Each structure stands twice: as C-alpha cells, then as structure tokens.
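Visitor: I am new here and would like a short tour. Could you show me the chain before we talk?

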Amino acid sequence: MHLQRVLSLCVFILLSGFENVISTSSWLDDNGSGRSPDGEEDLYGSYCQNCQAYKSKLYEYLRAIEQNQKVLSTEHYELNHRLAMMDMRFRDQNSELSKTIEGLRLSNEFLLKILLEPLRQLKNMTKAIGTQAEVELKDNLTGTGCKGLSSGIHKIKVPGLEPFNALCNADIQGGGWIVIHKRFDRSESFNRRWSDFSHGFGQINGEFFIGLEQLHRITNSERYELRLHLTDFDGTVDFASYNNFSIANASNDYALESLGDFLGTIDNRMQFVLNGKFSTFDHDTDAFDAFNCALNYSAWWFNKNCLGPKLNGVHYKRRFSASDSMSWDGNSALNAVQMLIRPISKVEK
Ligand SMILES: [Ca+2]
C-alpha cells in the first residue's frame, strides 16, 4: 500500500514536470533553439523566470513528499504496533489453546480410566464366570451322568468311574438317560461272544451295547432306574421300567441282582430273569443244566428256564413270530429296542 502511494506520487511529479516542460516549450522554435517568438528577447532571462517557477514547484513537491513520508511513517508505526498487538494476542491465544489441549488430554485420560475400570472388572467377572463354569463342568464329570445334557454323545462321569463317552437321551420321560443298549438299523451283529458282551461293542452313534463290566460299575455306584423302550413295526412304542436296577460283578457272571418295582405298558417279562446270570453261546451260565438258552435264544440273563425278553435275538426286517427273534415276549419280533438307565435319586420331580 505504501509503495503504491510512493509510485503514485512519483508519477504525479513526472507528469507535472512534463506539463511545465510543455508550457516552457512555448519559447522554443521548431528547431529547439532559444529564441522567443519575436526572435529578439534574451533567452537567459526568460529561462531564469521559468527556473524560479520550477524551484517553487519543486519545493512544493518536496513538502508534499515530506508530508507523505510523515504520513507513511505514522502509518508504518501504527501498522507495526497493530502487528505487535496481534502477535501478542496470537501468543496469548496460542497459550490458551495449549492449555485447552492439555486439559482435554487430561480429561481423556480420566475418562479412559473411568471407562476402562468397568471393562477391567467385566473382564475379571468373565474370567471368574469361566472358572465357575469350568468348576461346574468338573462337577458334572464327578457324577451326574447325562443329567441336564441334550440328546447325543457326551463325555460323562459317574462315581467311581473314569469319564467316558456316552449316548444321552433327553427326550424320554424327563431325560437324563444313559443309553446302554440300542438296536434299530441292523448294522451291528448282536450274536456275539462272552468277551464282547463283557467289554461292550458296536458304535455309540449307531447300534451298540455298553458292556456288562461298565454296567456293573455304573449300577453299583448308586441306585439306577432301567427303562426298556420297545418299538413295533407299526410304530407302536411300549416301555417297561424298573426302579432299582443293578448288575453283579464278573465273578458272579454279571447276574441281574436287582430290578425294583415294575412299571410299564407291557408285561413284566424281566421278572423271569431276576437273579439270573448273564449267558452267551460260548459261556453257558444259565441254571438249565441240559440246555444253553443263549445258544438258542441269544445272550441274556437266564434262570432255570429260558423265559424272558430276547433283546439280543435275530433282528428281523418285518413283523414275525419266531423264538429266536429280537422280542419282548419271546416270540413277536420288534423293529427297534433301547435300554436306558439313569440315577433314580437324580430324577427331576
Ligand atoms: Ca445251561
């Protein structure tokens, strides 16, 4: 802005000078020589008169320049002052801004602590819940069997036994059942030796028998309920249940030492084999000296006669009457059977 003023002034001076030169040229001839229009006057005298006029004009210009310099100096001072003030205000504002930023930083740290503390507590609670769940899982493995578990294969624990995989059934009468024997698709042979029935066989996700030794251990750990689930070819389902089922040890040929009270939709056929020993075609333990019930009617518990269910008999594909069939009454073939047990003290009321 100052530079613009100076330039304007200079232009003004030049133009003014040029104007005077033009006016002065009134006494110059066409060739530029110092002769007045009448050609006789003293050129020097005329020049000095114009010189005075120039001098006055120059002084006038100088005063104008000085005046403008003063104005410019004043403006320059004021501008510097304003700049200094602005700089001061800028520094003050910068300082305030720094304080504000620092305050925000501290606030953020404080808020983070406030927010992080509940998160830390939540994490500890989650860890504690996880530990509790683990404890509960261990508790589950200390003796509740299939109680509270869904239908399917689970690793369970019963008192006195190592944890083992079991097929649980949660769909029949309150659930909590351990399936110990299952036949439904004829994929497994149940015409087996003593050792097979002792240790168990088949696939837990298919047809299988849990094994007499395991059955003895489970049913002697506490009081167990037995349920026999019988399906006919027309889809009819019958059941027989006993409220105190237990199996003797190997030294007693896994005898059926207890059944308890009967309840069911069919005849109480297991009563005929109570106290009978388990017998297979290669291990005749029945009390029928002249006969091997298992050889003719499949492995089962037997007494002095061969009466009783034949749930390890031949698994016919249609309704059929045969003494060797998989049957409850010893004659009428069944389409599917299941034997299930659960601790009777654990039954939900
Ligand atoms: Ca015999």
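Predicted model: local features only at pLDDT ≥ 70, side-chain atom pairs only at ≥ 80, totals over all residues.

Visitor: Why is helix α4 largely enclosed by the rest of the structure?

Guide: Residues are numbered from 1 along each chain as its sequence is written. Helices (H or I, at least four residues) and strands (E, at least two) are DSSP runs, numbered from the N terminus. Helix α4, residues 212-219, is largely enclosed because 6 of its 8 residues are buried (20 or more other C-beta atoms, placed from the backbone, within 10 Å of their own).

Visitor: Which residues of α4 are buried?

Guide: Elements covering them include β3 (177-183), α3 (194-199), β6 (224-231) and β13 (336-343). The buried residues are Leu212, Gln214, Leu215, His216, Ile218 and Thr219.

Visitor: Which residues touch the most other members of the largest nonpolar core?

Guide: A nonpolar core is a set of buried Ala, Val, Leu, Ile, Met, Phe, Trp, Tyr and Cys residues joined through C-beta atoms within 7 Å. Isoleucine 341 touches residues including Ile218, Thr219 and Phe245, leaving out those up to four places away in sequence; touching means C-beta atoms, placed from the backbone, within 7 Å. Of the 51 core residues, those touching the most other members are Ile178, Ile180 and Ile341.

Visitor: Where does pLDDT stay under 50?

Guide: The chain averages a pLDDT of 84, and 80% of the residues score at least 70. The stretch under 50, with 10 contacts beyond four places in sequence, is residues 17-40.

Notes:
Buried ≥ 20, exposed ≤ 12 C-beta atoms within 10 Å, placed from the backbone. Contact = placed C-beta atoms within 7 Å. pLDDT = per-residue confidence, 0-100.
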